[in-house]
Amino acid sequence: SAQTWAHLRSTPAIMAACLLRAVMLLAASASALNLPMAGRPASAVAVANRAAASWAMSATASAETEAPPSFVQTEMRGAAMKLHTRDQSPREGQQPAQTPVKAWEPQREDYLQFLVDSRHVFAAFEAIVARTERLAPFRDSGLERAASLSEDVAWFEAEYGLPPPDVAPPGRAYAAEVERMCAEGEWERFVCHFYNFYFAHTAGGQMIGKSMSDKLLGGRTLHFYQWQGDVKADLLPRLRGRIDAMAAARSPRSGVSPHIS
């Protein structure tokens, strides 16, 4: 019911506290990577929480159409665009324009920390999907990143003598929050976080990866930024289709997909 999912409308305090480097690659790394603030995408965490609320709110509307529109491309995208600032998206952004922050130059150690934190979070998502039958449609998507990140972390040590650091507290906190969603059966929220985390890496994440490669790695393309197949033309659309199928199949009375609840 709408009451059941009302809590999804607000972002819990822990989500604001656990924005790790991996998520903030999109939300705040413009300053870390010396990129202009105007090109900074909205927080993936906030997008996922708002999209989860949209999932529930659209249940009745979806039931009234023979061919429901794409949840990912409508409700989820709409939630994302509302979180953009007006200087990022003059037409759809609803947040106040932001002034640039002081830039700082990241070092290889900073980038390696980001890779280690990212691996920890991707591994959490992938372990949950692997052990949870209701999430079976998300297995073997071709978007998995934990193994590729392990190769890159090992390369950093071999190439630059930089051993992998411990996962930073924000990375541990976000992975723990993802696990909590599953333990408490918040599957709509989990799916929205899952998609936004992987999508963010294929969008702004690639731009930032190119910037880091040019600044710190002599132009090397890490395995993190390589996929077997066309990520934008094939892998992401396939995942979107699976999420849309889940959203379309949910019960209009409960707002919950029978496939994931």
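Predicted model: local features only at pLDDT ≥ 70, side-chain atom pairs only at ≥ 80, totals over all residues.
Biologist: Is A80 buried or exposed?

Modeller: A residue counts as buried when its relative accessible area is under 20%. For A80 the relative accessibility is 14%, so A80 is classed as buried.

Biologist: How far apart in space are A80 and G93, C-alpha to C-alpha?

Modeller: Along the sequence, A80 and G93 are separated by 13 residues. In space, the separation from C-alpha to C-alpha is 8.9 Å.

Biologist: At what angle do helix 10 and helix 11 pack?

Modeller: Two packed helices are described by the angle between their axes and the distance between the axes. Helix 10 covers residues 187-202 and helix 11 covers residues 204-216, with axes 3 Å apart. Their packing angle is about 40°.

Biologist: Which residues of helix 11 make the contact with helix 10?

Modeller: Helix 10 contributes A200, H201 and T202 to this contact. The residues of the contact divide into 1 nonpolar, 5 polar and no charged. On the side of helix 11, the residues are G204, G205 and Q206.

Biologist: Is the pair of Y111 and F114 stacked or edge-to-face?

Modeller: A search of the whole structure finds 21 aromatic pairs. In the pair of Y111 and F114, the ring centres are 5.9 Å apart and the planes stand at 10°. Planes under 30 degrees apart count as stacked, so the pair of Y111 and F114 is stacked.

Biologist: In which helix do Y111 and F114 both lie?

Modeller: Both residues are buried, Y111 at 4% relative accessibility and F114 with a relative accessible area of 6%. They are 3 residues apart, about one turn of the helix. That element, residues 108-131, is helix 7.

Biologist: What is the angle between the ring planes of F122 and Y198?

Modeller: F122 lies in helix 7 and Y198 in helix 10, so their pair ties together parts that are 76 residues apart in sequence. Both F122 and Y198 are buried. Their ring centres are 4.9 Å apart, and the pair is edge-to-face, with an angle between the planes of 75°.

Technical notes: Residues numbered from 1 in each chain as written. Heavy atoms only, no water. Axes fitted to C-alpha atoms, helices over the stretch in contact; angles between N-to-C directions. Helix = DSSP H or I, 4+ residues; strand = E, 2+ residues; numbered from the N terminus. Contact = heavy atoms within 4.5 Å. Nonpolar A, V, L, I, M, F, W, Y, C, P; charged D, E, K, R; others polar. Phe/Tyr/Trp six-rings, centres within 6.5 Å; stacked < 30°, edge-to-face > 60°. Buried < 20%, exposed > 50% of the residue type's maximum accessible area, 1.4 Å probe, protein only.
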